[in-house]
Amino acid sequence: MPCTSRCTARIRRGPAPSRPSVAVFGGLALALSTLVPPGALEGQHTGDLVIPRGAILVEAFGLFSQAAERFEAGGRVPLGVGAFDTGLDPARFPALEAEEAVLRTLVADPSLALRAGRFRSVLEMNEQRVPLRVGYGLMDRLTVGVTVPLVRRRMDAHLQATGAGANVGQNPADYSGTAAAVATFRSDAAASLQALRTRVNERCDAEGPSSEACLAGRAAESRVGDFLGQLNEAWDTLDLFPLVGSTAGGTLRARWTAAQTDLEAWNVDGPETLPLAVRTSPSTLRQQLSDPVWGDEGFPVTTPDAFLVLGDVEIHAVLGLFGQGASQAGGSLPAEGFRVRSAVEGTLRLATGVVDSFAVVTPSAPLAGHGGLGVRWVTDLLVGERAGVLVDLGWQAFSEGEGRMLAFDPDNAWNPDLARVTARGTPGDRLRLAVTPRFIVVPGLSLGAGVEVIRTGEGRWTATATGQPGGQLAPERMIPSWSSQQGVVELRFAGWEEPLVGGLPFPVELSVRGVAALSGSGGAPVERRLEMGARVLRRR
């Protein structure tokens, strides 16, 4: 994981959907509407799932999702906060325990609490989905079909090591800006210690080894020698060292001041200033703390090279409940009346997709790599010539599956035994309700705005392997349920009962929708989504 001077690991960012594409699509629909003679089209249903017997319905959509925050009790927070943001101390990183023990001896403070700063992370999920659906009318009220989704999910990940709250930094013996000062100090201190020993030896030879002056000299020699031995060990073995301006740094320099006093008592000069750490090294923290957890794959995941991969294939059966669908031709709509069309759809989901690293909060599409069953009820109501409302209610349940969980315990995400754990379990079920009233601008062209509510149930997972060989298996984990309330705006052009233009021999529906999360709970993603697509009907 290459890092800059701020230890920022970046994973490729793909191009986000551009705003001009929305404008072009909307302009195209408006242009098409002007080509239809007045009165050629009546108010028409949208999103029809039921098609006439023998007809074929082909649908192609592009969905672009982005999420960089999630909803918690206190409001919106970045995706990485809580799981990957952490203080750099031995409580979270056992690798720092040995360094802390050496530093406690060095500063003569057994209560010293090592603090190397903080890791801060920024995660952003981007997903592109291209569901391709084909339906065939077995009967006038029974349609079967299949959806084959192509998916590309990418994550931009930034990990930054900061010195916030640190009392240690990079070992000055390893930092180019201070390495020369350390070498000079060590050389001068060694010479001072040798001079002290020479003078003490002379006094002991003159007054005897049991004399008060000799005993005091030997004690001074021992204190200075022990301290310099501890100091040299720290410079030779540690990655971290007391920081300038910290309490630990002040305590260490006070010990050197005491050693200078011992030297001066024997008319020996020592180096004036003890070099301390002047900076926190992002590369040192990454190598010592991040790499042992995430290994060669880097923090926290890598972006797949594949442009698009196969998602979970779905097989559908749709039953028309009541009302004649607009795609089945027939009948104008009286201005004073209304017309209703309703259908129910059953779905069998096949686990053909690549399993998600599902501990990362992602856009609100269901987890990939899990089969299941679903039921969907769609009702479209037209009132008069200018108004309509589309209600879409769906429920999905998922089967058990196995995959790699990025951080099995979000409260202990930096534990190597719990990183990228192989786990087996079942995602919670998913309920979605979308209600979209719309205004029919001209026959066939409508503008809509509504709400979409998504609720997921609680998931249950059991670790089957650890992130590190020989590590201890984690206990069962529950992934809490979450809910999200989203605002929707849409533009649709429905040309089922008449061709859009005289030269177009088949009915078609065009649509563009914008979805944005307004509120949520339980860690729901703050998602923005753009959907664009076309549906084409070929009758017998």
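Helix 3 passes helix 4 in a left-handed crossing, a crossing being left-handed if the near helix is turned anticlockwise from the far one by less than a right angle, and right-handed if clockwise. Helices here (H or I, at least four residues) and strands (E, at least two) are DSSP runs, numbered from the N terminus.

The structure is a predicted model, in which local features need pLDDT of at least 70 and side-chain atom pairs count only at pLDDT 80 or more, while totals for chains, interfaces and linings use all residues. Residues are numbered from 1 along each chain as its sequence is written, and side-chain values use heavy atoms, with hydrogens and water left out.

**Overall composition**

Six helices and 21 strands are assigned in the chain. Of its 540 residues, 49% are buried, where buried means under 20% relative accessible area, exposed over 50% and partly exposed in between (1.4 Å probe, protein chains only). Among contacts (heavy atoms within 4.5 Å) with a separation of 6 or more, 77% join residues 24 or more positions apart.

**Helix packing**

The axes of two helix pairs are compared below. Axes are lines fitted to C-alpha atoms, for helices over the stretch in contact, and angles run from 0 to 180 degrees between N-to-C directions.

| Pair | Angle | Axis separation | Crossing |
|---|---|---|---|
| Helix 3 and helix 4 | about 160 degrees | 9 Å | left-handed |
| Helix 4 and helix 5 | roughly 145 degrees | within 9 Å | left-handed |

Helix 3 and helix 4 pack at an angle of about 160 degrees. That angle makes helix 3 roughly antiparallel to helix 4, given that angles under 35 degrees count as roughly parallel, over 145 as roughly antiparallel, 65 to 115 as roughly perpendicular and the rest as oblique.

Helix 3 contains 32 residues and reaches 47 Å from its first C-alpha to its last, close to the 46 Å expected at 1.5 Å a residue; the expected span is 1.5 Å times one less than the number of residues. Its buried residues, including Phe185, Leu193, Leu196 and Cys204, pack against helix 4 and helix 5. Just after helix 3, glycine 208 takes a positive phi of about 100 degrees.

**Two buried positions**

Leucine 112 lies in the loop between helix 2 and strand 4 (118-139) and is buried, with a relative accessible area of 10%. Not counting residues up to four places away in sequence, leucine 112 touches Glu100, Leu103, Arg104, Val107, Asn167 and Ala248. Leucine 112 and alanine 248 are 136 residues apart in sequence, yet 7.6 Å apart in space, C-alpha to C-alpha.

Serine 446 belongs to strand 16 (residues 445-456) and is buried at a relative accessible area of 5%. Leaving aside neighbours within four places in sequence, serine 446 is in contact with Arg438, Phe439, Ile440, Val441, Glu490, Leu491 and Arg492.
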